[in-house]
Protein chains: 2
Amino acid sequence: MMQGDIQVTVPLDSRTISPTMKGYFERCIDFHTYPAPGLLIGVFMVDYAVELLGAVPGEKLYAVSETNKCAPDPLQVILNCTSGNHRLRIIPIGKFAITVNRPSAEPFTDGIRVFVDPGKIDRYPVIKTWFTNDPSFSKKTMGQHLVDEIFFAGRDILSAEKVRVQVTPKQQWQSARCRVCGETVPEEMLEQGVCRGCGSMAYYERYGAAT
Amino acid sequence: MMQGDIQVTVPLDSRTISPTMKGYFERCIDFHTYPAPGLLIGVFMVDYAVELLGAVPGEKLYAVSETNKCAPDPLQVILNCTSGNHRLRIIPIGKFAITVNRPSAEPFTDGIRVFVDPGKIDRYPVIKTWFTNDPSFSKKTMGQHLVDEIFFAGRDILSAEKVRVQVTPKQQWQSARCRVCGETVPEEMLEQGVCRGCGSMAYYERYGAAT
């Protein structure tokens, strides 16, 4: 498979990979479009977290990804905790870590947090060089070795902890119209009558009607 | 199919739905886990935006969703612009709107923005009641009617515009260790030596080692 501009072999037919895990990897790579190292580690993380939570396949779970790099995708594909269905929160802390928990009517609930443990990667020199973004890492010459080490390590670079997480309730909202563009947004998202799209979060400039 | 606690029929075998669109709907509903109204509208939006951009299936595109409600999922499933592969940005403006554009080496590039047009929903009373979050909307008694109206309307509630969007370059980073938890994050994400997970973005309380 291509990983950026290099060709890598993902050892999905290794004896250590169960058919279930193989299916996870295949679906995640297809969704993400390539076998990114973080994606592969993320599959091991999700599988581990679900096992520690004692959840069964198909059970409705909620998840957090502490980074927007790769890790959200295994949570989306394997657990159906998606960016659009309110079951995935991406909290940009910058860590390769995830949390999973069950639904709860209480304001707090128990969950499992799994993370790449900096104390455990010393045994895996290529993973360490990549994970710490060391200038000596070269995707071109070390990409395949990195994938091999990730599969060799599996859960061995991960740690897990029991955590209590806040449950985020569904918010009530009323529709309001932006006085600049005329489009509607939830009222509490207006900034002095102007939507964020015309205000603090402007990200485009309109230059013509398409229809 | 179940939509929350009500049963709805999604008219995927209607003559107006092409086999390609039917496949989009099925894959999006499967990913999202249920046929949410916003998800169904989102499929029409993505299909429309891609057509206006003149893109072909499988082409590498980038996308923005201006809401975290439903709309990210059709972008992820149909275009493989995912939360984890850097091709989807969710900008929480609060609008049911998306933008798609091609890759570009320039700082700005042309794209297509598609949005649910408040000026076009008057003809669709159930969509209007739902979209404006009017208290008279009842999912239980109007859920099926809403789905039917969404399929009857198709693109008729959407508008599109040509926009110029900023291209976000990949950021360089160096690894640094949080002085509280000892985990590593990109250096610029530290707040006075402490990571956001121990600082401003704390979302969990640790109560035990799981392993």
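Predicted model: local features only at pLDDT ≥ 70, side-chain atom pairs only at ≥ 80, totals over all residues.
Author: Arg164(A) has its charged end over the ring of Tyr207(B), 5.8 Å from the centre. Local features need pLDDT of at least 70, side-chain atom pairs count only at pLDDT 80 or more, and totals for chains, interfaces and linings use all residues. Residues are numbered from 1 along each chain as its sequence is written, chains are lettered from A and ligands numbered from 1 in the order in which they are written, and side-chain values use heavy atoms, with hydrogens and water left out.

Reader: What makes a charge sit "over" a ring?

Author: NZ of Lys or CZ of Arg must be within 6 Å of the ring centre and within 35 degrees of the ring normal.

Reader: Why is the pair of Trp130(A) and Phe131(A) called tilted?

Author: Rings of Phe, Tyr and Trp (its six-membered ring) pair if their centres lie within 6.5 Å; planes under 30 degrees apart count as stacked, over 60 as edge-to-face and the rest as tilted. Here the centres are 6.2 Å apart and the planes stand at 55°, so the pair is tilted.

Reader: And what is the pair of Tyr203(A) and Tyr204(A) called?

Author: Their ring centres are 4.9 Å apart and their planes are at 75°, so this pair is edge-to-face. Both tyrosines, Tyr203(A) and Tyr204(A), are buried. Phe25(A), Phe44(A) and Phe151(A) form one aromatic cluster.

Reader: Why does Phe131(A) count as buried?

Author: Buried means under 20% relative accessible area, exposed over 50%, partly exposed in between (1.4 Å probe, protein chains only). Phe131(A) has 13% relative accessibility, so it is buried.

Reader: Is Gln76(A) buried or exposed?

Author: Its relative accessibility is 0%, so Gln76(A) counts as buried. The residue belongs to helix 3 (residues 72-79) of chain A. Helices (H or I, at least four residues) and strands (E, at least two) are DSSP runs, numbered from the N terminus.

Reader: What does Gln76(A) touch?

Author: Contact means heavy atoms within 4.5 Å. Leaving out residues up to four places away in sequence, Gln76(A) touches several residues, including Phe31(A), Leu88(A), Asp73(B) and Gln76(B). Its side chain also reaches the backbone nitrogen of Ser83(A) at 2.9 Å.

Reader: How do you know that strand 5 of chain B is mostly covered?

Author: Five of its five residues, 97-101, are buried. Ala97(B), Thr99(B) and Asn101(B) point one way; Ile98(B) and Val100(B) point the other way.

Reader: What makes strand 5 and strand 6 of chain B a pair?

Author: Two strands pair if DSSP finds at least two bridges between them. Strand 5 and strand 6 (residues 108-116) have five, in the antiparallel sense. Thr99(B) stands opposite Arg113(B).

Reader: Which residues of helix 5 of chain B are buried?

Author: Among them are Met142(B), Leu146(B), Ile150(B) and Phe151(B). The buried residues of this helix pack against elements of chain B including helix 1 (19-32) and helix 2 (37-53). After helix 5 comes Gly154(B), with a positive phi near 55°.

Definitions and conventions: Polar contact = N/O pair within 3.5 Å; in protein donor to acceptor, adjacent residues only side chain to side chain.
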